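Here is a short report for a reader new to this structure.

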Amino acid sequence: KKKAAYVKIPVTDDRENNFSDDNESGIELAALPEPQIPNAELFQDEPPNAEPWEHPWNRWDNPVLLSAVISLLSIPVILSWISFGIQFTGRLWAVWIGAVHLHWNLRSSHHQVKQQVQNSHDGPSNTRRNICSCSCCWSPSIVPCADVLLFGAGYPAIAWVLIELLFRDVDGTINLDWMAMTFRLRIMVAIGLALLVLRLGVAVRSSWDRKFKRKATFGIPFIPTDPSDATQLVERRLLSVLKYINVTILLFQLLCLLSLASHFGPWPSSAIPFLPTAKDRDCDPLDTTLCALPFPSFHHMTHDESTATGWRVDLKGLAPLRGGIPLHPQFLNRLDGFSTMAPILFYMEGLKEAHEQQRNNEDNFQPRLQGPGHITSSITNQSITLLLNADDQTLVHHSAEIDFADPEAPLVLVIPAQPLKHATHYAVAVVNAVDENGEKLPRTPGMQSLMQEQGVASRLLRYNDVLFPSLRQAAPWVDDEDNDSDIASVQLLFDFVTVSEESQLGPVRAVRDGVLRAVQDWDWKDHVELVAEINENECHLASSFAKVARTFHINLDVPSFLQSRSRYSFLDDEAVQSGVPVSIGKAKAMFRVPCSVESAALGREDGKQIRTIMEYGHGLFYNRNEVKDGFLSQMAHDNGYLLMAMDWRGMSLFDLPVVIKTLIGNPNQFQSVRDNLIQGYAEKLALQHFARNGMLDWLTIDGTKLPTVEDKQPISVFYGISQGGILGGGYLPLSGKTALIDRGILGSPGTPFASILTRSLQFAAYDLLLLLNLYSNQEIRLLLSLVQMAWDSVEASGLMASPIRIEEPLPNTLLQAGLGDVIVSTLSTEAMARSMNSSVLPNNPRTGIFGVPVGNPANMTSPGPKVTLTEVQYEYEYSRLPEDNTLPLENNVHFCVRWDSALREQVVEFVNTGRIIDPCVADQCMRSTC
């Protein structure tokens with residue numbers, strides 16, 4: 001059948017009168033010829049007396065048209081999700097799904113608009129054939145189904161996980177630093193759901209109209225009503241714009257695929273053509289294994305007379321990250337030297353095989369690597385590694401071991417037994433090393449070239465004038481020849497300068513002093529806000545651990561030295577130098593009032609007055625809610641302790657987004673972790689200031705002040721476990737000058753963090769994340785030593801490095817650890833004990849720990865050692881620890897220590913009286929198992 005063509009014909013009034021209902025004129029209407037007018041085909045299917053908005057391009061009951069429009073409207077929302085994903089992870093591969101979604105929407109819009117233009121020219125095709133068979137799809141593509149899946153479930157699920165698990169704070173509110181991002185996520189989810197509802201509404205309406213064969217009764221003009229103008233607009237503008245945008249998004253999707261391939265592909269960095277090779281980078285010729293090795297060395301330093309050491313760090317030759325992204329931790333180049341306790345790294349062919357042969361042959365007495373159990377031998381002729389203090393011409397105790405994280409080409413780790421001195425010239429020498437057959441290993445090729453005067457002239461001059469004479473003086477057995485300029489037994493030699501005290505600790509001390517100077521005259525009642533007071537209703541319960549009456553959640557004003565109140569922010573250099581904070585921010589804290597203290601406040605006979613205000617430091621990437629642990633509540637109830645806690649800003653649950661981006665996206669972001677930790681330390685000291693200056697007047701129960709023993713200010717005690725013990729090793733020395741903390745307890749502590757992490761059971765997960773960013777475990781090990789350069793300023797490895805100022809005293813401290821711990825290794829605990837000049841008690845399971853002397857417990861005349869290490873040995877778990885730095889088998893020693901009754905008695909006595917008792921008198925603290 002021929003399609004009808006309806007044409008509006010202008011006629012005169014007379015002619016209209018002649019076309020009467022009874023057709024008196026006798027004219028055959030059907031015989032009238034079809035008029036030929038230009039572009040008449042554009043009006044096909046248009047009914048008589050059609051209005052302008054009923055043109056096919058303006059018919060909103062057309063599912064194809066509406067699907068295209070909705071797809072166009074969804075593009076900005078998808079772009080927002082892609083932008084968020086890149087900001088959150090720092091990598092393109094993480095937003096590949098969003099790129100695919102965006103490409104589908106653009107391609108679908110382009111296809112549907114092009115099809116509609118074709119229909120306008122050639123006549124409508126069968127629209128029903130273009131409808132997808134999918135029940136949620138009303139266009140010739142899978143795009144609407146993808147919208148339903150992602151806008152309806154995928155994107156809201158991502159937002160829910162982030163908001164509820166990472167941004168929702170302990171008090172039920174959104175964390176202050178993530179409120180803007182939470183608002184952004186909710187807006188994106190809301191718009192996506194609105195688009196989803198619109199798409200489903202169009203689908204339902206179209207289905208309804210098809211079922212009842214109805215025509216739409218609504219129209220909305222959105223383009224010119226003249227057909228020729230409309231067609232011209234669509235063809236020349238809309239289609240071309242969609243085409244170019246589609247090509248752009250396709251290129252972006254290809255970049256995402258390249259990022260996926262480079263991060264998850266099995267090929268090494270050398271297989272990627274555009275990555276710079278070692279020959280293209282500024283490498284140290286002494287060690288060709290990895291361009292930046294050996295590390296640290298003067299190769300990574302440059303002269304700078306303005307610094308305390310006369311040098312400044314100038315990192316060179318660092319391997320690029322996956323995807324060809326350069327690694328440039330510029331903030332480390334501000335330092336005037338290297339870490340005081342980071343592992344020192346080098347590689348030498350044959351040492352791994354020799355180490356394995358010597359380990360299996362106890363009768364072999366040749367010089368070897370002296371591991372953590374043989375630190376005493378590290379300065380004797382039995383050690384092939386010598387750590388030399390070139391300024392004092394003395395040898396330094398250390399441990400040296402093979403890093404089995406990379407079994408193919410493992411590095412050698414040289415770890416100082418305790419923090420090195422600030423601003424001091426050190427060197428590492430490999431001497432008299434042999435292979436697995438007992439044959440002496442040759443010098444490394446780089447060392448040979450240097451000694452043949454083919455290397456850097458300044459390095460050779462320094463070796464001849466400084467290092468060789470110092471080495472002869474400190475280790476006379478290394479030189480058996482009369483040669484003034486060389487020592488034949490030296491197979492590798494490199495040197496470096498440690499960072500100065502001002503460069504390493506200046507910022508953290510400046511922020512501490514600036515915050516306390518700002519709050520010293522505050523009336524705290526004007527700077528604290530009660531967020532929630534929770535009546536726990538636990539006092540009447542029979543449970544032995546339900547002993548808390550009230551929990552108070554507060555917002556505390558704190559001076560901030562960060563550039564902005566963001567977890568991604570850095571310290572403001574001008575503010576740090578001037579000591580004037582950038583702004584007044586807010587920090588959250590909580591207080592826990594035990595039932596016994598509430599009873600005393602309400603005048604009951606079984607009450608206990610407040611003896612101690614105990615601040616608790618939580619574990620790795622958790623938050624202050626850990627202060628609710630049952631053993632703390634019981635201890636507080638029995639002894640009258642008021643518990644308080646604040647997050648470790650920089651290393652709490654709310655900092656995980658920053659840490660994730662650092663691990664898988666941008667290692668340079670670690671600066672914000674370090675800087676937020678510095679700000680967090682100052683905020684915790686501000687909380688301590690509040691606790692001593694007005695908190696007990698402000699914190700009331702039913703309008704009644706909390707009573708204290710003899711109406712005096714209670715003592716302040718810090719108690720940190722796990723990460724709280726590690727960071728507490730920096731927090732306590734930092735607090736010494738302020739006198740805000742009287743005593744400290746560190747459970748399962750350790751230092752340095754770079755060594756703790758790689759010996760921890762948890763390292764397997766971090767290693768997988770880091771391998772998304774780096775190509776090998778050699779590079780991971782190098783990155784951790786770089787990170788330690790920044791970490792030193794917030795842990796004992798830096799704050800306890802000598803010389804220690806008299807005005808920066810360490811409060812009396814008790815260290816407690818479990819032998820067999822697989823989270824914080826015993827070796828790391830020993831290192832912290834040595835850095836703090838700790839002692840052990842006579843009945844400790846081990847009394848022969850290198851550098852940790854035996855001290856006497858409290859007696860009538862002495863409260864005991866100033867710093868004490870107490871250990872509990874879990875025999876089964878301790879016997880299963882690996883000898884080398886391979887990952888241990890899982891156990892629960894890390895958690896058993898805090899529940900041990902003998903150690904809890906020691907904690908209570910130390911908190912209440914300051915006395916150190918020996919909890920191991922009865923059984924030497926030996927436990928068969930955890």
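## A buried serine

Ser785 has a relative accessible area of 1%, so it is buried. This is a predicted model. Ser785 sits in helix H20, which spans residues 777-791. Which residues does Ser785 contact, leaving aside its neighbours within four places in sequence? They are Phe295, Ala342, Pro343 and Leu345.

Strand E3 covers 344-346 and is an edge strand of a sheet. That sheet is open and has three strands, in the order E3-E7-E6, with antiparallel pairing. The other edge strand is E6 (398-402), and each edge strand pairs on one side only. On average, neighbouring strands here are turned by 20° against each other, direction ignored. Five bridges link E6 with strand E7 (residues 412-416) in the antiparallel sense. Ala400 has Val414 of E7 opposite it.

A second open sheet has four strands. Their order is E5-E4-E8-E9, and the pairing is antiparallel. Strand E5 (394-396) and strand E9 (490-497) each have a single partner strand, so one side of each is left without a neighbour in the sheet. From one strand to the next, the twist averages 30°. Strand E8 (residues 425-431) pairs with E9 over seven bridges, in the antiparallel sense. Within E9, Phe496 stands opposite Tyr426. Helix H9 (residues 457-474) packs on this sheet. H9 touches strand E4 (385-389), E5, E8 and E9, and its direction makes about 105° with that of E9.

Strands of a sheet pair through backbone hydrogen bonds, and the pairing is either parallel or antiparallel.

## A strand with parallel partners

Is strand E19 (residues 812-819) largely enclosed or left open? Seven of its eight residues are buried, so the rest of the structure largely encloses E19. Strand E18 (residues 743-747) runs parallel to E19 and is joined to it by five bridges. Gly747 has Gln816 in E19 as its bridge partner. E19 also pairs with strand E21 (residues 867-874), again in the parallel sense, over seven bridges. There, Leu814 has Thr868 in E21 as its bridge partner.

| Strand pair | Sense | Bridges |
|---|---|---|
| E6 and E7 | antiparallel | five bridges |
| E8 and E9 | antiparallel | seven bridges |
| E18 and E19 | parallel | five bridges |
| E19 and E21 | parallel | seven bridges |

## Helices and their contacts

Helix H10 (residues 501-519) meets helix H15 (residues 670-692). Their axes come within 9 Å and cross at roughly 35°. The crossing is right-handed. From H10, the contact takes in Pro507, Val508, Val511, Arg512, Val515, Leu516 and Val519. From H15, Ile678, Gln679, Tyr681, Ala682, Leu685, Ala686 and His689 take part. Sorted by class, the residues in this contact are 11 nonpolar, two polar and one charged.

Helix H13 (residues 630-639) is mostly covered, with nine of its 10 residues buried. Among the buried residues are Phe631, Leu632, Met635 and His637. Gly640 follows H13, and its phi is positive, near 75°.

Trp81 belongs to helix H2 (residues 63-89). Is Trp81 buried or exposed? Its relative accessible area is 7%, so Trp81 is buried. Apart from its neighbours within four places in sequence, Trp81 contacts Tyr155, Ile158, Ala159, Leu185, Met188 and Val189. Trp81 and Arg184 lie 103 residues apart in sequence, yet their C-alpha atoms are 9.8 Å apart in space.

## The whole protein

How many helices and strands does the protein have? Its secondary structure comes to 25 helices and 22 strands. The protein has 930 residues, and 57% of them count as buried. Take the contacts between residues at least 6 apart in sequence: 76% of these join residues at least 24 apart. The accessible surface is about 39,700 Å², and carbon and sulfur atoms account for 54% of it.

Note on methods:
Residues are numbered from 1 along each chain as its sequence is written. This is a predicted model: local features need pLDDT of at least 70, side-chain atom pairs count only at pLDDT 80 or more; totals for chains, interfaces and linings use all residues. Side-chain values use heavy atoms; hydrogens and water are left out. Axes are lines fitted to C-alpha atoms, for helices over the stretch in contact, and angles run from 0 to 180 degrees between N-to-C directions. Helices (H or I, at least four residues) and strands (E, at least two) are DSSP runs, numbered from the N terminus. A crossing is left-handed if the near helix is turned anticlockwise from the far one by less than a right angle, and right-handed if clockwise. Contact means heavy atoms within 4.5 Å. Ala, Val, Leu, Ile, Met, Phe, Trp, Tyr, Cys and Pro count as nonpolar, Asp, Glu, Lys and Arg as charged, and the others, Gly among them, as polar. Buried means under 20% relative accessible area, exposed over 50%, partly exposed in between (1.4 Å probe, protein chains only). Two strands pair if DSSP finds at least two bridges between them. Accessible areas come from the Shrake-Rupley method with a 1.4 Å probe; for residues, only the protein chains shown count as cover.
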